[in-house]
Amino acid sequence: MGVKKVKISSVKRAAHLKSKKTPLTKQQQNKIKQKKENLRSKRDQGPSIFSQKAHKRDNLAQRKKHNKLSSLGLAPLEADNDDDGDDDNLLDNIADMLDGDDLAMLNENKRKRKAKTVEDVDDQQQSVGLEMAYATASKKEEETQKIKVNLLPIKSRDGEIITRSTEVDYVPKPKLQKQEEDSDVEVNEEEDDEESVYTDSDDDVVNDEAAAPIVPTKKMISTTDLLIARQQEIERQKYRIGIICSGMLEKPEDKMRNFHALYELMDEINPASGLPNLMPVRKLAMISVTEIFKDILPEYRVGQIDTKMQTVRKATLERVTFENALLQQFKKFLQKMEQFTAQVNKRGGLKNPQTVKLATVAVQCMCELLEAHPYFNYVQNIAQLLVYMLNCHYGTMRQAVNQCFRTLFANDKKLDMTLFIVRRINNLIKTKQNNVHVECITCMMGLKIKNVNLDAEKENELKQKKLESHRQRLISMSKKERKRRKKLTELNKELEETRAEENKQVKLQKLTEIIKMVFTIYFRVLKNDPTSRVLSAILEGLAEFAHVINLDFFSDLINVLNQILEEQDELGYRERLHCIQTIFVILSGQGEVLNIDPIRFYQHFYRNMLAVQAGKNHADFTIILRTLDEVLVKRRRNMSQQRLMAFVKRLLTGSLYLLHNGTLATLGTIKQTFQLTSVLDTLLDTDCSIGSGRYDPELEDPEYCNAAATSLYELTILARHYHPTVRRLAMHIANGVPASGDGALPTDIGKLTSHELFTEFDSTQMAFNPTIPLPKAGQPKLKKGKPMFIRLDFKQEYNKLLKEGKLALSKDKQTLQFDFLSALQ
């Protein structure tokens, strides 16, 4: 049989060859078998990381597809069936290209797939029904569920503790809520991870969803109902403020928006609810915001970074965003504080008790912020506002600002804020023409000014001249010597940098500027308005800082102070003592080079030493103690013997009507004077025939009062003082101040100075030193007394009645019994 040859086109031939199954070689069959074995071994070991990620990605895509179909109204099972139909169509297309055993195996797999799909659909429908039934049952169970809560125990009359408990409805905790994506989102955006957020437990408190009117909803409202409703509203707002503040302190980066809820509580009318805020709630909100800022504000100054023009890291961007938001909230808070203070500080403001209370709290809050963070942003605005409040009409605010500035001056290390505040105070006093309150001057007493040389400019000029002459000398040096000198100078400069000498110089310059500004204020008041009401504070400040005054001002200042002492008759004792203290401080320091006779100031001091007694002005005795240190200790060699004896005699006389701590300070000063000079031993001699003349204690000139003709008889009175330490110290001086032996002092008392004695034995805090022992417990003994008769005839009548038996003693033999009826008969 022959073979018939048919010609076909090249296209048909290519299609025929493509559809025809070519047999595989042995090498290809071995490769396929090896791949199957590898897959089987991996399947036995478990899924790999990549397969897990692939499965997760497929499950995520299927879940998104399921959500999209459900949002469009299509049943998920129908979509699955459609997918199965597409798979079947694909298998049919593949079947057209196969033949033989491969086609039979494909048809068998297709039948198994359809049977398995039907079974899966039935199982899925059954599982969905079970899940819905379980969710419904669990929801009903939660609604009817009760939990047991323990109540506060009570105590019965018998002393037994009774525990109590009750059942309340179960309230489930907020669960994780997943944000459903919109149907308009593209497919590429749907492939990203789904965002999940937790419901904030503070949102209902912050938004005040439980807000209710204060007034009860009744027709007739009593005062009791109003007070109860007011107290309930205060307690509710306290709880709300506490929840908000605790949440902000936990994570302030995410809770910055909660500041607005606290700002709403500061206003008179709450913008959210439209109801008026109570006064305690407004105060509590201000104090709470202040405490939050004290905790979360950084110690450094926040800089402004433009993130749009400058690329920064993610962590830096988060930090900058938080700092900018914090700065904005801090600025809003300061603006509200300024509004509260403006009501009482400006003309035309609403000045009533409520606004004054709010302004007082606002001032205290700003003072605390300035003390806690003196280097943060906007602190200069706070300081400028507080300087103006330092001269307001309310003493509470002035005292708060005064104490704040004293604390800031004592703790300021950089001295930038100190210099700024002193300049603003100078501007305020200059603008008000010295008509300011005393607190504007006394706050500068807190300045820590010790070693400041106001003659530094002159010294720098002299130093510059020396350096110029040294420069001319260096020019004439050889090249080798100049090179060596240059290296030595660089080395010295590096050594100064390591020792922080430059920082010390900058700090000293600021300190010099501050003290110049302070003395400018003092000298302006003394020159232009010596009768001002702040003269006492000016003189006190001069006495405190007199050791750093420039030498060029000494003579003029002493003349001004002497003129004030002699011409102003209405000057109080305190101002006089401050004037005298300032003069002696000047004369004991750099003023020793001046040719000034201080005899007139000795007379002023001798005259005013008895102005302080154990009354309201006993605290001013410290001024006399400081002046005595300058007069009797530092200037003892410049005083004559008569004047020194006169001061000691008057000082001991004044100690008789001081409190025990003042008396101890006086005896401490006298003891120190006895130890330094041997001239005073004549005052311990009771023989008055040694001196010439008679002692006149009323004479105002200590030089001619003839104190050598008297003795210190006050020591015998102080030896019987109620305080044991006074008795011991008086006997120590009377024995001639011995270092050891009879009359010597113990070391714990002998080493104390007069100022330490005045402070340590102070009893203003109701604490007696040494402590008074408690009296011993015991029954008082009753002594039998004898009868006393004013009239002798009654004594005879009394004895007659006793003999007749008409008077009888009681059983306790303490009282007499008399029968008046029988006596009358």
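These are my notebook entries on a few places that I looked up in this structure.

**Ground rules.** I am working with a predicted model, in which local features need pLDDT of at least 70 and side-chain atom pairs count only at pLDDT 80 or more, while totals for chains, interfaces and linings use all residues. Residues are numbered from 1 along each chain as its sequence is written, and side-chain values use heavy atoms, with hydrogens and water left out.

**Entry 1, helix 28.** I began with helix 28, which spans residues 724-734; helices here are DSSP runs of H or I with at least four residues, strands are runs of E with at least two, and both are numbered from the N terminus. I found that Thr725, Val726, Leu729, Ala730, His732 and Ile733 are buried in this helix, where buried means under 20% relative accessible area, exposed means over 50%, and partly exposed lies in between, with a 1.4 Å probe and protein chains only. These residues lie on the same side of helix 28, because they cover an arc of only 155° around the axis, the arc being that of the directions from the helix axis to the C-beta atoms. An α-helix has 3.6 residues a turn, so residues three or four places apart point the same way. The cover over the buried residues of helix 28 includes helix 26 (660-676), helix 27 (714-718) and helix 29 (747-750). After helix 28 comes Gly736, which has a positive phi near 90°.

I then asked what the side chain of His732 reaches. It reaches the backbone oxygen of Gly743 at 2.8 Å. His732 counts as buried because its relative accessible area is 3%. Apart from neighbours within four places in sequence, His732 is in contact (heavy atoms within 4.5 Å) with Lys671, Val737, Pro738, Gly743, Ala744 and Leu745.

Not counting residues up to four places away in sequence, Arg524 touches Asn426, Ile429, Lys430, Asn434 and Asp529. I also noted that the C-alpha atoms of Arg524 and Asn434 are separated by 8.6 Å, although these residues are 90 apart along the chain.

In the loop between helix 15 (416-431) and helix 16 (439-442) I found Gln433, whose phi is positive, near 55°, in a residue other than glycine. Gln433 counts as exposed because its relative accessibility is 64%. The loop between helix 30 and helix 31 holds Met766, another residue other than glycine with a positive phi, near 60°. Pro770 is also placed in the loop between helix 30 (754-760) and helix 31 (792-804), and the peptide bond from Asn769 to Pro770 is cis, with omega near 0°.

Note on methods: A polar contact is a pair of N or O atoms within 3.5 Å; within protein, one must be able to donate a hydrogen and the other to accept it, and residues adjacent in sequence count only if both atoms are side-chain atoms.
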